[in-house]
Amino acid sequence: MIQRDSSPTTLAFAIPLLQRIVENDRGKESSLMAAGVLANALLKAGRTAEAEQMLRDVIQACVAQGNYRLASGLAGHLLNLLRGDGRFPAALTLAAEMAEYTRRAGLGPWTQLADEAMRLQVLVDMGKYDAVLARVAELRPQLETLPEQSAAAETANPWNVRETLLNTGCKAAVYSEQWAQALAFNGDILRYTAARGADALELARTRFNDYGPLLSLKRYAEARALLHDCRAVFEREKGFQELGAVYSALADLEDTVGERAT
């Protein structure tokens with residue numbers, strides 16, 4: 001339920017029920033999983049201090065019991081909490097621990113790449129853009145050659161791993177003003193997004209990310225054509241929030257070109 005609806009009303013209804021489940025399952029094999037679900041619900045409700053303590057306690061219990069698969073998954077939630085709180089060095093330390101849990105759980109290469117993508121996101125948060133770009137460039141061949149169906153157990157989807165890793169590289173390129181590299185990364189994301197059958201709205205959202213680099217490269221005609229193409233899709237698909245971004249970008253473009261003309 002809370003995966004589909006994380007509104008305050010739904011969470012207020014669900015959290016007491018989850019607390020009862022955790023209490024009733026105490027001492028059972030299912031107790032750690034139930035506690036992990038409760039911690040995630042607390043996190044969604046903004047009760048971060050409670051969520052953090054519960055996540056740490058459950059991860060410690062998982063490690064003690066040798067349940068490294070669950071420890072790996074819960075470490076991802078805790079890592080996101082630390083990132084959201086701006087505790088980047090602690091998040092980086094946890095990323096290394098999470099990778100070790102994944103390895104001990106025997107999870108496959110896609111899950112390992114997902115862990116690495118999360119580590120690189122922390123490095124982007126810390127402003128270490130060159131290190132991120134170098135590492136993404138090193139990993140890109142694996143995105144092409146790894147088989148979709150892994151021989152090992154996986155907890156990550158290949159398409160999500162590819163797009164997350166490339167998006168992380170794209171952000172590092174944008175923040176470091178390496179515009180051509182940002183366009184190359186986004187081109188790969190668009191190719192993978194289309195290959196998995198994404199709808200027109202999602203494809204247009206991805207294409208729209210080219211606007212900033214094109215503008216910075218002064219490729220104004222391409223930027224204008226892109227915005228008009230995206231606007232047509234957003235209008236047809238009733239992407240009202242996206243339309244707002246497009247009109248803002250069009251105004252920005254015309255302001256920039258107008259200044260250039262004078």
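Reader: At what angle do the axes of α2 and α3 cross?
Author: In this predicted model, the axes of α2 and helix α3 (residues 48-65) come within 8 Å. An axis is a line fitted to C-alpha atoms over the stretch in contact, and angles run from 0 to 180 degrees between N-to-C directions. Helices are DSSP runs (H or I, at least four residues), numbered from the N terminus. The crossing angle of α2 and α3 is roughly 155 degrees.

Reader: What pLDDT do local features need?
Author: Residues are numbered from 1 along each chain as its sequence is written, and side-chain values use heavy atoms, leaving out hydrogens and water. In this predicted model, totals for chains, interfaces and linings use all residues, side-chain atom pairs count only at pLDDT 80 or more, and local features need pLDDT of at least 70.

Reader: How are α2 and α3 oriented to each other, roughly parallel or antiparallel?
Author: The axes cross at roughly 155 degrees. Angles over 145 degrees count as roughly antiparallel. Therefore α2 and α3 are roughly antiparallel.

Reader: How many nonpolar residues are in the contact of α2 with α3?
Author: From α2 come Leu32, Ala35, Leu38, Ala39, Leu42 and Leu43; among their partners in α3 are Met54, Leu55 and Val58. Contact means heavy atoms within 4.5 Å. Ala, Val, Leu, Ile, Met, Phe, Trp, Tyr, Cys and Pro count as nonpolar, Asp, Glu, Lys and Arg as charged, and the others as polar. The contact has two polar residues, one charged, and a nonpolar group of 12.

Reader: How far apart are the axes of α4 and α5?
Author: α4 covers residues 68-84. Helix α5 covers residues 88-104. The two pack at an angle of about 165 degrees, so α4 is roughly antiparallel to α5. Their axes are apart by 8 Å.

Reader: How many charged residues does the contact of α4 with α5 have?
Author: On the α4 side are Tyr68, Ala71, Ser72 and Arg83, among others. On the α5 side, Phe88, Leu94, Met98 and Arg104 are included. The contact has 13 nonpolar and three polar residues, and its charged residues number two.

Reader: At what angle do α8 and α9 cross?
Author: Helix α8 is residues 158-175, and helix α9 is residues 179-195. The axes come within 8 Å. The two helices are therefore roughly antiparallel. Their crossing angle is roughly 160 degrees.

Reader: How many polar residues are in the contact of α8 with α9?
Author: Arg162, Leu166 and Cys170 are among the α8 residues in this contact. Trp179, Phe185 and Tyr192 are among those of α9. By class, nine residues are nonpolar, three are charged, and the polar count is five.

Reader: Which element gives the largest share of the lining of the largest pocket?
Author: About 490 Å³ of space lies in this pocket. Of its 20 lining residues, the closest to its centre are Ser72, Gly73, Gly76, Met118 and Thr155. Two or more lining residues come from each of α4, α6 (109-125) and α8. The largest share, seven residues, comes from α4.

Reader: Which element gives the largest share of the lining of the second largest pocket?
Author: This pocket has a volume of about 250 Å³. Its lining includes Ile2, Met33, Val37, Leu70 and His77. The largest share, five residues, comes from α2.

Reader: What counts as a pocket, and how many charged residues line the second largest pocket?
Author: On a 1 Å grid, a pocket is an open set of points where a 1.4 Å probe fits, with protein on both sides within 12 Å along at least five of seven lines; lining residues have an atom within 4 Å of a point. A volume is the space filled by probe spheres set on the points, which are joined across faces, edges and corners. The lining of the second largest pocket divides into five nonpolar residues, five polar, and a charged count of one.

Definitions and conventions. Parallel < 35°, antiparallel > 145°, perpendicular 65-115°, else oblique.
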